[in-house]
Amino acid sequence: KTSDSKKENKKTKKSNKTFRTNEVVILMLITISVSLVLGGVFASRMFGQSGHKVESELQEFINDYQYIINNYNGKIDKKELFDAALQGMLSQLDDNSMFLSKNAAKNFNINLEGSYQGFGLEVYKDEKGIVISRVFDGSAAAKKGLKAGDIITAYNDKSVDKMDVDEFADKVIKDKDKSVKLTYKRDGKETTVKLKVSQVNLKSVASTIYAKENKKIGYIQIGIFANNTSEQFKEELAKLKEEKIDSLIIDVRYNSGGYLATAEKILSMFLDSSHPIYQIQKGDLKTKHYSKGKKDETVKIAILVNNSSASASEVLTSALSEQYKAIVVGEKTYGKGTVQEMQDLTDGNQYKITTKNWLTSKGKWINEKGIEPDIKVSLSKEYAENPTEENDNQLQTAINELIK
């Protein structure tokens, strides 16, 4: 699960247009480095600048911590002890507040940033070794002919047999902008190629056009609201407009969210600045946030959703439904109406906590409720047995609705 590792996330239903994601937060992550020298951290939090005690519970914790350190009959890793304490605190909060290990945090951020340093590979480790599971189109690895199923055996002529995928990924990242030799095995034959470690942009948007009854229906699928998704969306939308589409389908099924700023940018392509697009609530204070667009679009829109459409997907869906009168087709969405912020720890671990609620543009809180579609459609048994566009009854329902 690193920059070149196998992602085990739930796949979207169209493998040629998908982008697999980890669970992601709704607001742009706020990263603040904090010192984790235990005594210093707890002392600084326990005493204000004036030196007055501020938390009696924290003093008790420090006393217990010192007792454990001084009296436990065994070896103690102070850092691991702190991480365990932090995880314990987070476990008492809501389900969206959690601790992320260094490797989980690394993948989390790769998905959200939409790019990483590498060759354009996803890999995993099994009894055969480090195996390629996916090669990104247009990447350095793709240009050199690497394929899924190839087994990586050496890196710069040194065996990778004893490496795990995280060690392999770390080695690749350290060689940023360098050309390296990668040896792989296919059908028992080893081949060595030279590859440059460079930025790989992950594709999170795909588009196509459906023609029906002399109408052109544009289709855009968004896999995640990553940092570079809005630019990809803008490019795909421009291509569709050049083809003179009559209407548009936006597919956020299986999209678990991402950066709110990305959803804002996409919404600003359809709504002018007179439109509120969501609200943020902290305690009793509610703040409306408006589109930054210059004009309203006129193309008719349908949005495809299901119960895995969450977070930023629900912001986009609710704003287009309430402010643009887009038609929502599919199943009720996940229902994530909270906001998380991320904190960086000095060892690469991270944690996130829920800090606010978000409401729809009209002030509805959809947390644990979801958004009910205008046209409720569950995927058919035929699609489950043979997943094709023709059998995708949710997609076909949206197409038929748009040509009315």
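Guide: The model is predicted. Of its 404 residues, 51% count as buried. The secondary structure comes to 11 helices and 20 strands.

The part to look at is helix H8, residues 260-267, and its packing with helix H9, residues 312-323. Two packed helices are described by the angle between their axes and the distance between the axes. For H8 and H9 the angle is about 25 degrees, and the axes are 9 Å apart. Angles under 35 degrees count as roughly parallel, so H8 and H9 are roughly parallel to each other. The crossing of H8 with H9 is right-handed. On the H8 side, the contact is made by Leu260, Ala263, Ile266 and Leu267; on the H9 side, by Ala312, Val315, Leu316, Ala319 and Leu320. These residues divide into nine nonpolar, no polar and no charged.

H8 also packs with helix H7, residues 229-242. Here the angle is about 20 degrees, and the axes are again 9 Å apart. H7 and H8 are therefore roughly parallel to each other, and H7 passes H8 in a right-handed crossing. Thr229, Ser230 and Phe233 of H7 meet Thr262, Lys265 and Ile266 of H8. This contact divides into two nonpolar residues, three polar and one charged. Ile266 of H8 takes part in the contact with H9 and in the contact with H7.

Methods. Residues are numbered from 1 along each chain as its sequence is written. This is a predicted model: local features need pLDDT of at least 70, side-chain atom pairs count only at pLDDT 80 or more; totals for chains, interfaces and linings use all residues. Side-chain values use heavy atoms; hydrogens and water are left out. Axes are lines fitted to C-alpha atoms, for helices over the stretch in contact, and angles run from 0 to 180 degrees between N-to-C directions. Helices (H or I, at least four residues) and strands (E, at least two) are DSSP runs, numbered from the N terminus. Angles under 35 degrees count as roughly parallel, over 145 as roughly antiparallel, 65 to 115 as roughly perpendicular and the rest as oblique. A crossing is left-handed if the near helix is turned anticlockwise from the far one by less than a right angle, and right-handed if clockwise. Contact means heavy atoms within 4.5 Å. Ala, Val, Leu, Ile, Met, Phe, Trp, Tyr, Cys and Pro count as nonpolar, Asp, Glu, Lys and Arg as charged, and the others, Gly among them, as polar. Buried means under 20% relative accessible area, exposed over 50%, partly exposed in between (1.4 Å probe, protein chains only).
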